[in-house]
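These are my notebook entries on a single structure.

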Amino acid sequence: MNHPTTIAVDLSKKVFEVAVSWKAGRVAERARLSRGQMTRFFSQRPPATVLLEACGSSHHWARQLEGLGHRVLLLPPQHVRRYVLRDKTDRADATALLEAHRNEQIVPVPIKTLHQQALASLHRLRSGWLATRTARINAIRGLLRELGILIPQGPRHVLPGLTTALSDPSCPVPESLHEALLSAGREISELDTRIRAVERQLKTLADCLPATARLMTVPGIGLLTSTALVGFVGDPSRFPSGRRFASYLGLVPRERSSGLQRHLGAITKRGDAYLRTLLIHGARSTLYAAGRSRQPDRLRRWATAVRQRRGNNRAAVALANKLARIAWAVWTRNTTFRSPA
């Protein structure tokens, strides 16, 4: 036991495959544990380095094992998968974790706290309800359009348009469809109520977080983006610079270079797509406001100049990149954003 012990665990819902290594490249012990045996197994072990894939329930088990005195590392599953040499099995996945740990270029995923997971869960619920509401709105508009009834785009037009269409005696909608369409309309109203309730809950949580107040001083970053950054990113000091933070969000060009030739393409789109979407939407709103402002500040003048040269979409992505860097600086330095006039 003079060698440092590394334990790799392939997580699952019910069965956990464990591989213990005392020497790099060799597996000294294997075990297959049930959910009830997991805590008992690690409570009887001396402190070790435990490797988990950053997947479902990984943050929960990481907090549990850290409470038992172990050092837990969460490895990105897309990088661990490359070390599975042959068929994918639980034993192969556990061995791949040990091999991936030897690669210093693979950066572990930070372990989320319960507060971070609560913020992230609220955002996931809201995002799912928004997608469902959009699907129901499109279904209603599409079905009525097939019957010759046109409803303008926008959620605010759908329910009034549906009520007006069904209450018209000369309505071409068959009677057998009325109840189903009204049920879809009630579902949209219920989803609206849920979404507003989640936003109020996010507002309550944001009032307790000083970081969200500082982030909301950045143009294009409001309640949703600031709380999402706190919930999904956690500690911004793990990024050495704002450029690394923008790269983590996938807002930098994809590079294909060789020798003296350097080619920069579209953005990489790595990282969390939800965070990237929020930042780009915020950048679009900032661009729109910059075009209507009579005395824009330096940031908005720069964004307007990029839009004139490169177009609206490229300018929005470039501004999202800059907003991510500004957010990192504001976040890490505990200050507010102040743009020169």
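Entry 1, lining of the largest pocket. I looked up which elements supply at least two residues each to this lining in the predicted model. I found helix H3 (77-80), helix H5 (114-146), helix H9 (223-233) and helix H10 (242-248). H5 gives the most, with 4 residues. I noted that 29 residues line the pocket, and that Pro76, Gln78, Val109, Tyr248 and Gly271 lie nearest its centre. By class, I recorded 14 nonpolar, 9 polar and 6 charged residues in the lining. For the space in this pocket I noted about 1300 Å³.

I recorded a volume of about 490 Å³ and a lining of 18 residues. Nearest the centre of this pocket lie Pro253, Ile267, Arg314, Val317 and Ala318. Strand S7 (261-267), H12 and H13 each give two or more residues to the lining. H13 has the largest share, 8 residues. I counted the lining by class as 10 nonpolar, 3 polar and 5 charged residues.

How do the axes of helix H12 (residues 298-310) and helix H13 (residues 312-333) cross? I found that they come within 7 Å and cross at roughly 150°. An angle over 145 degrees counts as roughly antiparallel, and H12 and H13 are therefore roughly antiparallel to each other. Their crossing is right-handed. Among the residues that make the contact I listed Leu299, Trp302 and Val306 of H12, and Arg314, Ala318 and Leu323 of H13. The residues of this contact divide into 9 nonpolar, 1 polar and 4 charged. I noted that Arg314 and Ala318 of this contact also stand in my list for the centre of the second largest pocket.

Conventions. Residues are numbered from 1 along each chain as its sequence is written. This is a predicted model: local features need pLDDT of at least 70, side-chain atom pairs count only at pLDDT 80 or more; totals for chains, interfaces and linings use all residues. Side-chain values use heavy atoms; hydrogens and water are left out. Axes are lines fitted to C-alpha atoms, for helices over the stretch in contact, and angles run from 0 to 180 degrees between N-to-C directions. Angles under 35 degrees count as roughly parallel, over 145 as roughly antiparallel, 65 to 115 as roughly perpendicular and the rest as oblique. A crossing is left-handed if the near helix is turned anticlockwise from the far one by less than a right angle, and right-handed if clockwise. Contact means heavy atoms within 4.5 Å. Ala, Val, Leu, Ile, Met, Phe, Trp, Tyr, Cys and Pro count as nonpolar, Asp, Glu, Lys and Arg as charged, and the others, Gly among them, as polar. On a 1 Å grid over the protein atoms alone, a cavity is a set of points where a 1.4 Å probe fits but cannot get out, and a pocket is an open set with protein on both sides within 12 Å along at least five of seven lines; lining residues have an atom within 4 Å of a point. Grid points are joined across faces, edges and corners, and a volume is the space filled by probe spheres set on the points.
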